[in-house]
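Subject: Handover of a structure and notes on it

Dear colleague,

Please find below the structure that I am passing on to you. My notes on it follow, and I would ask you to read them with the structure open beside you.

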Amino acid sequence: MRLKSFLAAGVASAAMILAVGLAPSAQAAEEVEVLHWWTSGGEAAALNVLKEDLEGQGVTWQDMPVAGGGGSEAMTVLRARVTAGNPPTAVQMLGFDIQDWAAEGALADLNAVAANEGWDGVVPAALQRFAKYDGKWISAPVNVHSTNWVWANKAILDELGIAAPGTWDELVAALDAIQAAGYVAIAHGGQAWQEATIFDGVLMSTGGTEFYQQSMIDLDPAALGSDTMKTVFDRMATLRSYVDDNFSGRDWNLATAMVIEGKAGMQMMGDWAKGEFLNAGKQPGVDFVCFRHPGTQGMVTFNSDQFAMFAVGEEGRSAQEKLASAIMSPSFQSAFNVVKGSVPARTDVSDEAFDDCGKKGMKDLAEANANGTLYGSFAHGHASPASVKNAIYDVVTAHFNGEFDSATAVEELVNAVEAAM
Amino acid sequence: MEYGRYLRGWAQQALPRLVLAPSFATIVLFVYGFIVFTAYLSFTNSRILPKFNLIGFENYEKLFGLRHWSTAIENLVIFGGLYIAICTAIGLTLAILLDQKIRAEGVLRPLYLYPMALSFIVTGTAWKWFLDPGIGLEQTLQSWGWASFEFDWIKNRQMAIYTIVIAAVWQTSGFVMAIFLAGLRGIDNEIIKAAQIDGASNLRLYARIIIPQLRPAFLSAFVVLAHMAIKSYDLVVALTGGGPGRATEMPATFMYSYTFTRNQMGIGAGSAVIMLMMIAAVIVPYLYAELREPRHGR
Amino acid sequence: MAANPIETAVRTGRLTRALIYAALLVFAVYYLLPLFVMMVNSFKELDEIRGGNMLALPELVTLAPWIKAWNQAQIGVQPTGLAPYFLNSIKMVVPAVVISTLLGALNGYVLTKWRFRGDTLVFALMLFACFIPFQIVLIPMARVLGFLGIAGTTWGLVLVHVVYGLGFTTLFFRNYYAAFPTELVKAAQIDGASFLRIFYRILLPSSGPIIVVTVIWQFTNIWNDFLFGASFSDFDSQPMTVALNNLVSSSTGVKEYNVHFAGAILAAIPTLLVYIVAGRYFVRGLMAGAVKG
């Protein structure tokens with residue numbers, strides 16, 4: 001066996017790689033490193049617009065995508081990066097995570113650029129609650145997703161003569177009709193966050209905005225343990241009876257496909273579902289319709305993707321501010337959100353480029369913002385911190401899967417929230 | 001016997017230990033140091049990043065009050081027991097069958113081994129499809145005419161944990177086969193021939209003479225399987241994501257989610273300490289049994 | 001090692017042999033099914049996957065998913081495909097495997113041929129390193145890498161993989177060298193050969209099988225690692241598995257299963273090749289090393 005030559009080759013190649021690895025890389029004048037989980041076709045391509053914009057200003061974009069688990073893998077990576085003293089310039093982040101990192105003192109102060117561009121005047125207050133900490137801007141919001149939508153197959157609704165339901169009773173009647181006609185009434189994927197997304201809508205519709213505030217945001221034990229909460233769980237159980245047997249573990253986009261293909265009547269899902277319809281060549285208003293979760297008309301539960309800016313020291317500041325400014329520019333906000341299915345995070349962007357559902361989303365957002373009915377979505381981490389959110393997930397998903405009856409679920413909910421605080 | 005007296009000079013005497021020292025030192029720091037660090041964190045109220053103010057046993061109290069921590073432990077017992085037993089049984093059977101002068105051994109062996117080479121990031125999707133009653137095995141067999149066939153375990157709270165066993169066995173049983181095959185090939189043929197002359201049947205031959213000689217292989221297989229069972233993370237995430245509900249949660253997924261997703265690092269560290277104690281309970285007796293025979297004088 | 005594999009002396013009848021072949025084939029089907037599902041679907045159009053049977057052969061064979069996974073798919077903001085990440089993985093895997101194997105060989109050599117008081121305990125402590133759950137080392141490791149100034153570099157990843165591979169590589173070599181005749185080592189010492197010279201001239205040349213085992217084991221584990229690869233890499237050192245994960249698990253977008261499967265197989269080609277080519281040595285090496293106590 002020519003082992004020596006084998007070993008020599010191994011050592012030589014290792015040495016070569018060492019040389020390549022250590023070769024000094026050409027330092028660009030300015031650069032930003034961005035950690036995010038937008039890696040699927042449309043949204044990644046839309047982010048490329050931002051990259052090109054920055055490169056036009058002489059700032060190099062270093063891309064650090066880590067997908068998986070709705071950003072949870074990226075958050076793990078972020079912890080390692082911050083612990084190592086090597087944080088990225090900007091990190092895609094949701095809701096309470098931004099505030100938690102700000103409390104650790106890890107984020108930068110964007111007040112100079114925010115004041116210069118007047119962010120205070122154009123970003124809804126409900127978003128500022130997450131984008132500012134202790135009076136300082138710490139992150140740049142990219143979009144607003146709204147989660148209390150229902151997506152329905154128009155052919156099925158037309159065939160059965162169903163109008164878009166506006167109340168719980170109308171919803172149940174519609175679902176009965178769809179099920180009786182042999183379709184799956186609700187296309188649903190059995191993953192905790194999807195069940196929580198439905199829970200958002202049902203809770204808002206059953207208890208109204210005040211109850212939503214008390215239970216999901218203030219986490220008031222009286223509201224969590226109330227009879228209204230029991231009704232919410234009862235309604236979840238009712239909805240469960242319209243879901244097919246095979247729902248467990250299904251990805252949300254496969255549930256959307258059931259609506260697209262005419263196997264199922266409707267899906268309760270955030271506005272990102274629209275992308276699936278459009279990609280399948282379906283027209284809003286023609287092939288599918290979108291309406292608010294019945295009983296939540298005029299109310300919006302939202303989540304907002306933001307880029308939290310990490311403290312990177314003086315030499316990185318100028319590039320970071322250029323990035324923040326580019327994210328907040330109306331042209332990027334429009335271009336990105338048209339693709340993503342969400343709506344811009346500032347209220348002064350023209351709706352010209354958006355389709356029907358997008359225009360409606362922007363109008364709803366502006367109205368809800370003006371009327372004070374814009375609330376952070378519990379299911380998407382904009383109502384309570386991650387520990388509480390997941391504790392509620394545990395109860396909602398256990399109940400939906402038949403482990404608890406509604407009375408037990410209410411009890412467990414109070415305990416779980418208390419234990420997670 | 002001491003070799004030292006053959007050696008000239010102190011440098012030559014110390015060299016072996018100097019060669020070993022860096023490896024040992026890194027392991028002391030990167031394994032035992034980190035274990036101590038984790039144990040310390042489990043007594044703090046760390047949430048998003050490590051914090052160092054002690055709060056006593058609060059995290060452990062919370063941990064054992066959590067319903068799905070007990071689910072996770074139960075699942076580990078069910079999964080671990082079945083996984084180790086089935087892998088060992090299949091691995092041993094395949095090894096014995098392959099050891100019968102099989103012509104196609106060179107083709108079959110890599111077929112049995114290759115699953116170890118694949119990452120579960122995507123293999124999980126293939127398994128998920130296969131087990132899904134709507135598009136997988138159930139639907140396929142029904143469309144081929146077996147209308148009454150049902151296989152919906154992955155959607156069933158009580159049965160889902162067993163589907164994880166199926167996929168896990170798929171991944172590792174070939175590797176266990178390799179360990180046993182190596183063990184079988186190492187047995188002295190003279191013993192087997194002597195038994196055959198005595199008229200022993202094949203069944204008796206294996207049960208009484210060959211399998212008892214595989215003791216080291218059984219132990220190797222057990223350790224590899226036990227540590228894979230305790231560390232099983234990718235598999236659960238890819239197949240069920242811990243669902244339906246939280247029915248297939250395991251200690252490894254539990255620890256990851258509390259440490260990194262739920263921002264309750266203290267509780268996550270507590271579950272890690274319990275996990276390490278479980279690992280030690282399995283591994284330390286093995287190491288003791290394997291290493292206790294004195295080898296001096298060789 | 002003997003040139004011919006030693007086979008059993010057990011004799012079997014004709015019927016039994018037929019049954020044995022049948023059983024072996026049934027198992028082959030079990031092991032092949034997931035790969036078959038991935039293969040056939042990677043050659044289908046997405047529409048055909050959505051509507052059709054997952055076990056059916058493609059009606060219309062297309063190579064587009066493979067090309068897309070290789071160099072067109074969106075991994076981050078740019079449509080680079082998996083191709084550029086191969087180099088990152090190789091830059092990480094090759095040094096990590098070479099260094100950990102070499103250290104394992106030296107450790108095994110010391111632990112069996114240069115024994116000292118307490119060596120068994122040292123070995124036991126090193127072996128326990130095989131069983132530490134990787135999730136718990138993430139945060140302290142990040143701090144150490146930051147302290148050393150190699151956070152986010154390929155060399156940081158190499159260090160991590162070497163450290164957590166040492167337990168296994170030392171185990172393999174120790175068990176292999178334990179069976180190596182000590183008389184040869186002693187004779188060389190009497191002749192005045194040095195510590196390293198004995199290793200290089202006497203032990204290493206006969207270590208072929210166990211080197212194969214160790215290299216296969218380390219290569220597979222390091223190539224397939226996601227957690228360390230994602231956490232300790234930078235924008236320019238992300239390995240293959242991170243890219244593959246970005247390809248398949250983006251949360252809000254169309255899931256192109258055909259591209260995912262093609263990407264998964266592409267990503268696994270190096271490890272599959274290693275298993276198929278070196279598989280026969282693997283069993284022989286295991287037989288010589290890992291199984292004997």
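How many Å separate the centres of domain 1 of chain C and domain 2 of chain C, taken over C-alpha atoms? The separation is 33 Å. Please keep in mind that this is a predicted model.

Domains of chain C

Domain 1 of chain C covers residues 14-62, and domain 2 covers residues 84-288. Where the two touch, domain 1 of chain C contributes 6 residues and domain 2 of chain C contributes 7 residues. On the domain 1 side, the elements that give two or more residues are α1 (14-42) and α2 (46-51) of chain C. Of these, α1(C) gives the most, with 3 residues. By type, this side of domain 1 of chain C consists of 3 nonpolar, 2 polar and 1 charged residues.

Contacts of chain C with the other chains

Chain C touches chain B through 78 of its residues, which meet 82 residues of chain B. The element of chain C that gives the most to this side is helix α13 (residues 257-288), with 14 residues. The residues on the chain C side divide into 57 nonpolar, 17 polar and 4 charged.

Chain C is also in contact with chain A: 37 residues of chain C meet 45 residues of chain A. Five elements of chain C give two or more residues to this side, namely α4 (83-113), α6 (138-148), α7 (154-178), α11 (227-231) and α12 (240-248). The largest share, 6 residues, comes from α6(C). On this side of chain C there are 18 nonpolar, 15 polar and 4 charged residues.

Domains of chain A

In chain A, each domain is made of two stretches of sequence: domain 1 takes in 30-145 and 303-371, while domain 2 takes in 147-301 and 374-420. The centres of these domains of chain A, taken over C-alpha atoms, are 27 Å apart. The contact between them involves 23 residues from domain 1 of chain A and 22 residues from domain 2 of chain A. On the domain 1 side, α4 and α17 (356-371) of chain A each supply at least two residues. Which element provides the largest share of that side? The answer is α17(A), with 9 residues. The residues of this side of domain 1 of chain A divide into 7 nonpolar, 10 polar and 6 charged.

A sheet in chain A

Chain A contains an open sheet of 5 strands, in the order β2-β1-β3-β13-β6, with mixed pairing. From one strand to the next, the twist averages 30°.

In which sense do strand β1 (residues 30-36) of chain A and β2(A) pair? They pair in the parallel sense, over 7 bridges. Within this part of the sheet, Leu35(A) has Met64(A) in β2(A) as its bridge partner.

Helix α4 (residues 95-103) of chain A packs on the sheet and touches β3 (90-94), β6 and β13 (305-309) of chain A. The direction of α4(A) makes about 125° with that of β3(A).

With kind regards

Note on methods
Residues are numbered from 1 along each chain as its sequence is written. Chains are lettered from A and ligands numbered from 1 in the order in which they are written. This is a predicted model: local features need pLDDT of at least 70, side-chain atom pairs count only at pLDDT 80 or more; totals for chains, interfaces and linings use all residues. Domain bounds come from an automatic or database domain assignment. Helices (H or I, at least four residues) and strands (E, at least two) are DSSP runs, numbered from the N terminus. Ala, Val, Leu, Ile, Met, Phe, Trp, Tyr, Cys and Pro count as nonpolar, Asp, Glu, Lys and Arg as charged, and the others, Gly among them, as polar. Two strands pair if DSSP finds at least two bridges between them. Axes are lines fitted to C-alpha atoms, for helices over the stretch in contact, and angles run from 0 to 180 degrees between N-to-C directions.
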